[in-house]
Amino acid sequence: MNIDYLIFKIVLIASIFGLSLLVAMYATLMERKVAAFFQDRYGPNRAGKWGLLQPLADGIKLFFKEEFVPSSADKLLYILGPSLSMFVALLTSAVIPWGTPVVIGGKQYALQVADVNVGILYIFAVVSIGVYGIMIGGWASNNKYALLGAIRASSQMISYELALGISIVTLVMTAQSLSILEIVEQQKGMHWNAFYQPLGFIIFTICAFAETNRAPFDLPECETELIGGYHTEYSSMKLGFYLFAEYINMFISGTLISALFLGGYDFPFINDMGFSQNTLAAVHFLVFFCKISFVVFVFMWIRWTLPRFRYDQLMRLGWKKLIPIACINLVITGVVVLLTQ
Amino acid sequence: MQLTNRSKIVSNKKMTFVERLYFPAIFKGMMITLSHFFAKKATIDYPKEKREFSEIYRGQHVLKRDDQGRERCTACGLCALACPAEAITMVAEERLPSEEHLYREEKYAKTYEINMLRCIFCGLCEEACPKEAIFLTKRIVDAEYSRDKFIYGKDKLVEPLELDLRIDISKRQIPEVLEFKKDKTQRHNK
């Protein structure tokens, strides 16, 4: 391993880490702005131009809030909960291919921290740990609402991860690979998986909503019933970590949906425009980022359109609708793959 | 008995397959929210932009001066008596001969305070005033950080001496009001 390769990877990791945090910060502003626009309002516009400094103000406010730990809480787990959520949320971005390789000094560098050949499995493993942050936090708070939120979160995750997994298996069957980079490369030239796997795409998107605890599946934290759910007892930056983790998760889900189903950094005619390789990498990254932003916008759009599911409706949708449909989709895809080979 | 024509008959019909898919309905809902995304906003950017007020809006009070710059208020206390919220207090003082250019009547209000938190902006003080001294204007009472700042004294209530800085209340002085105030058969106009 060369030293310049190592330096490039460290720089890449640092920039992706920074980017995730920055995106999460501005996703909060975007959420508030989008919510406001959907409700015929202007949203935050006091701090800076168009409220651009609002996330900073929110962050400073969170830092100066009292660090409250309930006297009956399990101190260690209480701190571990939000830390784990944040840690896991930041882990997933490691296997995402952000663009085609760049050339620096005659050498090629891939815009991906690690091209793990089981990238999809890695993401699933990591995302599944994510629910532990919520569960531990909710349990350690020693509060009935927090506990209810945590239980809801864990059962919801289990129900939706199955359908999510099956829809991914379908995708892997057609792609014949578990590497995300390879799946993205296969979709070049508008052969997006969303066109070939519309059912899988819809199932994956619905499950992504559920996995990120976003409306209409935000039962773990629903304010009206559970006064905040698992983070009822949290304040200051610990609460900030939970909220941040949620926004990072949303960003990562957007990234996954774009990478697996919307062609990643692919865009029509982009390879025929005659860009040099570095420009192409930059354009690819920009295209990818636009796709992610659009998916995140759709996440918010759905949130401000649909009301929250009732708990039994949530379970029925997960177990009785999505899983059978995903299975049928799996069987049909299997037959088609077998016949076309 | 039918009270309005807005009642609708409840229908419990089975949903069709397409309806049970929910996707058309969700898509329709998303289109509705999207149309609001680009719609004209209902709120305004308040301190920079202000809504149009009625000319006879009942906002912050003003204590008027007459055309020679003398305070019209004679501290009779009728406004305080009329006030349903008991927001007005005043201390009366007798005018000295040297103060004739300051006060119109031989008695004047040494202090005159309105508690803007108590005031309900009903305008009864204005109706009660026999000297046309107090009027409500279309100015808004400012927001403050502490309660005591809301007790407005004469420094904030009496209008400036300069003629061009005087507060225009002609819109509230409709002919009927003027006529009514001239009516000496009314006890409080005497």
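Modeller: We may. A helix here is a DSSP run of H or I with at least four residues, and a strand is a run of E with at least two. By that rule, chain A of this predicted model has 12 helices and 2 strands.

Biologist: In what pattern do the elements of chain A follow along the sequence?

Modeller: The pattern is α-α-α-β-β-α-α-α-α-α-α-α-α-α.

Biologist: How do you know whether the radius of gyration of chain A agrees or disagrees with that of a compact globule?

Modeller: One sets the value against the rule, which is 2.2 Å times the number of residues to the power 0.38. For 341 residues the rule gives a radius near 20 Å, and chain A has 21 Å; therefore the value agrees with a compact globule. Along the principal axes, the C-alpha atoms of chain A fill a box of roughly 60 × 50 × 45 Å. Of the residues of chain A, 43% count as buried.

Biologist: How do you know whether the span of helix α4 of chain A agrees with its number of residues?

Modeller: The expected span is 1.5 Å times one less than the number of residues. Helix α4, residues 119–140 of chain A, has 22 residues and should therefore span 32 Å; its end C-alpha atoms are 32 Å apart, so the two agree. After α4(A) comes A:Asn142, with a positive phi near 55°.

Biologist: Why is A:Asp40 called partly exposed?

Modeller: A residue is buried with 20 or more other C-beta atoms within 10 Å of its own, and exposed with 12 or fewer. A:Asp40 has 13 such neighbours inside 10 Å, so the residue counts as partly exposed. A:Asp40 belongs to the loop between α1 (3–38) and α2 (54–64) of chain A. Its phi is positive, about 60°, although A:Asp40 is not a glycine.

Biologist: What makes A:Ser236 buried, exposed or partly exposed?

Modeller: The count for A:Ser236 is 15 other C-beta atoms within 10 Å, and the residue is therefore partly exposed. A:Ser236 is located in helix α10 (residues 236–260) of chain A. The phi of A:Ser236 is positive as well, near 55°, in a residue other than glycine.

How values were computed:
Residues are numbered from 1 along each chain as its sequence is written. Chains are lettered from A and ligands numbered from 1 in the order in which they are written. This is a predicted model: local features need pLDDT of at least 70, side-chain atom pairs count only at pLDDT 80 or more; totals for chains, interfaces and linings use all residues.
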